[in-house]
Amino acid sequence: MTATPGAGHRDARRPAGELEAGVLAALWAADAPLTPGEVQAELGGSLARTTVTTILTRLHDKGAVTRRRVGRGYAYTPTEDAPGLTARRMHTELAKEEDRSTVLARFVSQLTDEDEQLLRSLLGEAGGDGLPGLEGSGVDGHPEGAGGDGR
């Protein structure tokens, strides 16, 4: 059997999302916006600059980074910190489901005791007014969404 050029390289591919996570980590660690070349350097030069540029463009398309013109290219800044991005991803996944009540119920049922207590504490601190960003989602005790009969 003849080896296909680059076939061995495919086995060394990183898991989906790992490259984006690395690029975001480099941006979070920076004190200023970074160009693709600067991100590449922060990552140790292990990725081609075109690959870094592609990842940054995809992150921009997803709203995870902003960019501003610098010379002929762009410099990138994350739109939010790591916890904010995780929260946005969770919200995006929840928004994909019609039966939000079931999704939230299953999510809560799989929390550790510590995380459940933390969630209860956060909801209690909201004083019945809901947490910022949770208004109308049913999570904060309001009838729409997860409350009531789940409709």
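Which residue takes a positive phi in the hairpin of β1 and β2? That's Gly71, with a phi near 65°, in a hairpin that has two residues between the strands. Keep in mind that this is a predicted model, where local features need pLDDT of at least 70, side-chain atom pairs count only at pLDDT 80 or more, and totals for chains, interfaces and linings use all residues. Numbering starts from 1 along each chain as its sequence is written, and side-chain values use heavy atoms, leaving out hydrogens and water.

**Fold**
- You get seven helices and two strands here, in the order α-α-α-α-β-β-α-α-α along the sequence; these are DSSP runs numbered from the N terminus (helices: H or I, at least four residues; strands: E, at least two).
- Of the contacts (heavy atoms within 4.5 Å) with a separation of 6 or more, 37% link residues 24 or more positions apart.

**Strand pair**
- Strands β1 (residues 65-70) and β2 (residues 73-78) run antiparallel, joined by six bridges; pairing takes at least two DSSP bridges.
- Val65 sits opposite Pro78 in β2.

**Surface**
- The chain has 151 residues, and 21% of them count as buried (under 20% relative accessible area; exposed is over 50%, partly exposed in between; 1.4 Å probe, protein chains only).
- Accessible surface totals about 10,500 Å², with 52% belonging to carbon and sulfur atoms (Shrake-Rupley method, 1.4 Å probe; for residues, only the protein chains shown count as cover).
- Val108, found in helix α6 (residues 100-109), is partly exposed at a relative accessible area of 32%.
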